[in-house]
Amino acid sequence: MGYTTLPNPIKERPYGEFSLEGAALKFIRESCEELGFDQEKSDIEKRESIYLGHSLRENEIPYNMEMDINRLCLENALDGFLKSGKKEDAFNVYFCYLEMFIGDYEKVRRMIELLSEFEANGSELLMKHRDHYSHSVYVFALGLAVYQSNSVYRETYNDYYHIKDRHKAACHYLQYWGLAALFHDIGYPFELPFEQVASYFEVGGDKRKERPFMAYHNLETFIAVDEKANGALKNVYGGKEFSTVNQVFAYELAKKLGEIYSFTEGQMLTFLNEKPTEPDRFNHYMDHAYFSAAVLFRKLFGEMGCEVNQERIDALTAILMHNSLYKFCIAHYKDEGNIPLEAKLHPLAYMLMLCDELQCWDRTSYGRNTKKEMYPMGCTLDLSGDAVRAVYLFDEKEAGKTNGFKDSYIQRLLAGEKIDRKGGPNLKSYSDMYIKNSQGVSWFQEDIERIVNLDAMKLHVETGLSSNIRTGRRSYLSDSNFIHLYNFAMILNGRWNNEEWKKAKAAGQEEAFLNNEEVNEEFARSFKKLSLEYKLANINQAKAFAGYMDEIGCFYTDKNVDFELVEGFSQEELLKIGLMEHQRWLQEHYDMGWRYGMPKREDRDRLREHKDMIPGFDPLRSAVPGERAKENYHRLEKAEQDKDTEPMECMLAMLKMFDGLRIYRL
């Protein structure tokens, strides 16, 4: 099961079938079997004795084999992220998805990199804010896991889109759920300035309506539907024409939900027109979900010319609904008689709202008040029996706070006091999960049940204390937002066998060489020709640099610090770096199904055998031990060893050029 075209078996994952990790990764490996396969191309390959897939070079492997390798790349990327929770590993998931389903990371990179950069640099000015970049990848994984494990939701989704074959249905879900989940918060750069203004004027007890606020105007061209997109929309909607994105969304939501929730297309259009321009009508809050949907519509159907289809529109309206629009303009979810959303009405919106609420663990706090509050460090999930059992884990070092909260809560109960959220005691997420209503349901779960109907998806929420949540997750002194990770990978690839680079390096003119526009254009063209596997190999090499610096007592930063500036590495340091890089390279290749062998160069990628792997090593039994990697490294020729160290020297120049960073020795 899984990767039917690969010549070597892939190691099984050590996770429980109904855990988050186990279910999400099994979904990719088993349920999405034959993702992207093309029988017509396969027939051509057999008939004409050629290959239409590409690896390091074009026409090097069978086309369907390339599709299997791409899917394995995504599986490994998601596994790496779920182990670390780091945004550098979240980047890999975004990159895989975009390359597989959108076609070119370059075309959308600024859109998602802006979210990471804006949050890291602008959010500390806010009173309340937590990470949304890594959060979105957790939401993506959670949605895959729920689909994989919950037969009721799975059947509802498949019936909604009239797909009977389980593999085709899973592949369909992966594509459109990925679009909704990974991009549902890309509009936050619009909400953050609004909140910064609100935070600036905040004083104790002050109400938002009494403060100055900002609004967005001159949006006409931003939300306009161009002629090409309108033509495509007419095909989807039987000739109906739209002039703005808001009109498309209003029509879709009224068609799906208007009758049940008693609103008209005109009323919804008014909401959408006023949300960015009159936030005072919406309790003085700006809705990032509106901008996420509008930005993505413009990017997909305007700039990139992607096909307009019902599924992509559904993903966009799911994004549009996931924050305040559904809660306060459609369902009025806090009112009596509220109707929670059923999955059969809009499966993607249902899953996005469910997972967005459930995913509140392991999120970096940026806001001034948020940093002081108590949020879960991790979560253990049991998804068996068409249910979601979640135990949110809080830091046991904070037991003093939780015990104090419990004591205060019990005392007030014994005193006969009515306890609500406004009156406290309050530990934010912990109190919402700990305090239960008369039916034994926590405030946290009660909120979710008012948003989505959980009759067919039983939810049970508990709290727990734990230590060492992040065991194995190393943090380093080196500090960078890694916005230019793509550039790093592009240059690491481009300098291979580049004589001009070698001359510039010998002359100490690396930065001048890398700043040459023609050089960068050539490097970009060369990088785009690589398969997803080889692009990720360069990305992972660049990401490993921070760890190597930590091991040799160095670090990089954009701050002016009183440490020795590093202009180059000693031979001893390079040897240490080379050994670590070789071990990383080996493990990466084994995880991608490579083995030791000495085939002809033209057969290497198809057979997935490489002479620099460890002879006789069985990667299905264990990870690559350091000693075995070291022994293997020393058997390699000098030219092969240099491949593990030269990229690290190149990173010295790239860090200066792209991130304005310098490397220092402790």
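How many nonpolar, polar and charged residues are in the lining of the second largest cavity?

## Model and cavity

The model is predicted, so local features need pLDDT of at least 70 and side-chain atom pairs pLDDT 80 or more, while totals for chains, interfaces and linings use all residues. Residues are numbered from 1 along each chain as its sequence is written, and side-chain values use heavy atoms, without hydrogens and water.

The lining has four nonpolar, one polar and two charged residues. Its members are Phe 194, Ala 198, Arg 208, Arg 211, Pro 212, Phe 213 and His 284 (lining: an atom within 4 Å of a point; cavity: points on a 1 Å grid where a 1.4 Å probe fits but cannot get out). The space in this cavity is about 50 Å³.

## Helix contact

Helix 1 (residues 20-31) and helix 6 (residues 133-149) have axes that come within 8 Å and cross at roughly 75 degrees. That makes helix 1 roughly perpendicular to helix 6 (65 to 115 degrees; helices are DSSP runs, H or I, of at least four residues). The contact (heavy atoms within 4.5 Å) involves ten nonpolar, two polar and one charged residue.

## Strands

Strand 1 (residues 378-382) runs antiparallel to strand 2 (residues 387-395), joined by five bridges (strands: E runs of at least two residues; pairing: at least two DSSP bridges). Four residues lie between these strands in their hairpin, where Gly 385 has a positive phi near 65 degrees.

Strand 2 also pairs with strand 3 (residues 458-466), in the parallel sense over nine bridges. Arg 389 of strand 2 stands opposite Asp 382 and has His 460 as its bridge partner in strand 3.

Definitions and conventions:
1 Å grid on protein atoms, 1.4 Å probe; cavity = no way out; pocket = protein on both sides within 12 Å on 5 of 7 lines; lining within 4 Å. Points joined across faces, edges and corners; volume = space filled by probe spheres on them. Nonpolar A, V, L, I, M, F, W, Y, C, P; charged D, E, K, R; others polar. Axes fitted to C-alpha atoms, helices over the stretch in contact; angles between N-to-C directions. Parallel < 35°, antiparallel > 145°, perpendicular 65-115°, else oblique.
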